[in-house]
Amino acid sequence: MKKVLLIVGGGIAAYKACELIRLMRKAGIAVRCVLTEGGAQFVTPMTLAALSEAPVHTSLWDLKDEAEMGHIQLSREADLVVVAPATADLLARMAAGIADDLATTLLLATDKPVLAAPAMNVRMWEHAATRRNVAQLTADGVTILPPDEGPMACGEYGPGRLPEPEAILAAIQSALSPQRGTLAGRHILVTAGPTHEPIDPVRFLGNRSSGKQGFAIAGALAALGARVTLVAGPVTLPTPPGVTRIDVETALAMADAVQAALPADAAIMVAAVADWRVGAAAHKIKKGGALPDLKLVENPDILATVAKGPARPRLVVGFAAETDQVIAHAEAKLARKGADWIVANDVSGAVMGGDDNSVHIVSAAGVDSWPALTKAEVARRLADRIATTLNESRP
Ligand code: CTP
């Protein structure tokens, strides 16, 4: 079982550390917590102890703690040290090598990788001193998970929010993954979300795709070191760290953006592209009189175009959302579209918009059926498999 030492700093975002511990435990990671004096103003040692099912450490000068497990040992028995939230003050003391409490002493004494998730007011994040400290820590080998942008507890708006616990968990899992860095130097193209096909200026044809699975895959690939271009249909999801996002609305725009993003080492087509578009009216269609006679025109198949085109990536992966005969339809799609793998899922349940997914990887080598997993876990496993495949076939 992988072990994480979690240092909870003193910021309002400390409450998110509680959810992060729960998610880590659910993912089979053992967690030990260190709570700074500031952190204890926001969450209690009791909360962290109950969630982590382990003792919580707060002081450098605790004789009982020191007798049971010295602070040097505490800093080294974990596989990864995570600082979340990392306050401006904590980042500054880490960058300067100050060791004036248990958290900073452990950070100075550890020989394990360190992942810090900063959270602070936007002005503090943008201040020259913090910029300097982040640059220094990065140069020292600390992985900094960039904060999210959005409304802040202090009433201001901008970058500085702690990323959601799911995003921190994904970064932790990639830091713990033996596949870490295995996609460095690769360019991977991912499509995600639905497309909207306008009927007139106010109406469109669409579908229920949330984009969650595609965004999770883009994030998992970036976490393994790939340069990821994510061509996204209309969704409101945050862009995963390290991913270059191109927003499009229609299937035709998605097809253009995909062509412009080539060449790539792999293309993972997760988008639920609308099969048809409408010859859109320039003005809003008014009710009354005859029913509108919508003429549907077939959209280009982006996956098939890429798989059969001159700039074909070495690995082309399609998705197939099916409601019946899942494997048989996926096998037919594999052949028809020229993909290397089809990731097939049964969407007759609550997959669309939900957080879980149960998939089958269909390829020339056969069918690999995975158990029901979260979309984040499907993404991680798929990223690992993509890395293995690309690295096997490296010329
Ligand atoms: N796809 C695509 N361009 C399209 C339609 C689909 O790139 N115009 C891709 C999707 O991103 C997905 C795969 O093709 O990776 C399968 O999509 P799906 O809609 O299941 O396939 P269809 O060919 O439309 O088959 P069906 O008749 O089941 O709708």
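Strands first: I count two as paired if DSSP finds at least two bridges between them. Helices (H or I, at least four residues) and strands (E, at least two) are DSSP runs, numbered from the N terminus.

Before looking, I noted that this is a predicted model, where local features need pLDDT of at least 70 and side-chain atom pairs count only at pLDDT 80 or more, while totals for chains, interfaces and linings use all residues. Residues are numbered from 1 along each chain as its sequence is written.

**The sheet.** I traced eight strands in an open, mixed sheet, ordered S13-S12-S9-S14-S17-S18-S20-S21. Strands S13 (243-247) and S21 (366-369) are at the edges with a single partner strand each, so one side of each has no neighbour in the sheet.

**One pair.** I looked up S9 (residues 187-192) and S12 (residues 227-232): they run parallel, joined by six bridges. Leu189 has Thr229 of S12 as its bridge partner.

**The core.** My next stop was the largest nonpolar core, with 121 residues. Such a core is a set of buried Ala, Val, Leu, Ile, Met, Phe, Trp, Tyr and Cys residues joined through C-beta atoms within 7 Å. Buried means 20 or more other C-beta atoms within 10 Å of a residue's own, with C-beta atoms placed from the backbone. H10 gives the largest share, eight residues. Domain 1 (3-176) and domain 2 (187-392) both contribute, so the core lies between them; the bounds come from an automatic or database domain assignment.

**Ala84.** Which residues have the most contacts inside this core? I found Leu6, Ala84, Val190, Ile217 and Leu221.

Technical notes:
Buried ≥ 20, exposed ≤ 12 C-beta atoms within 10 Å, placed from the backbone.
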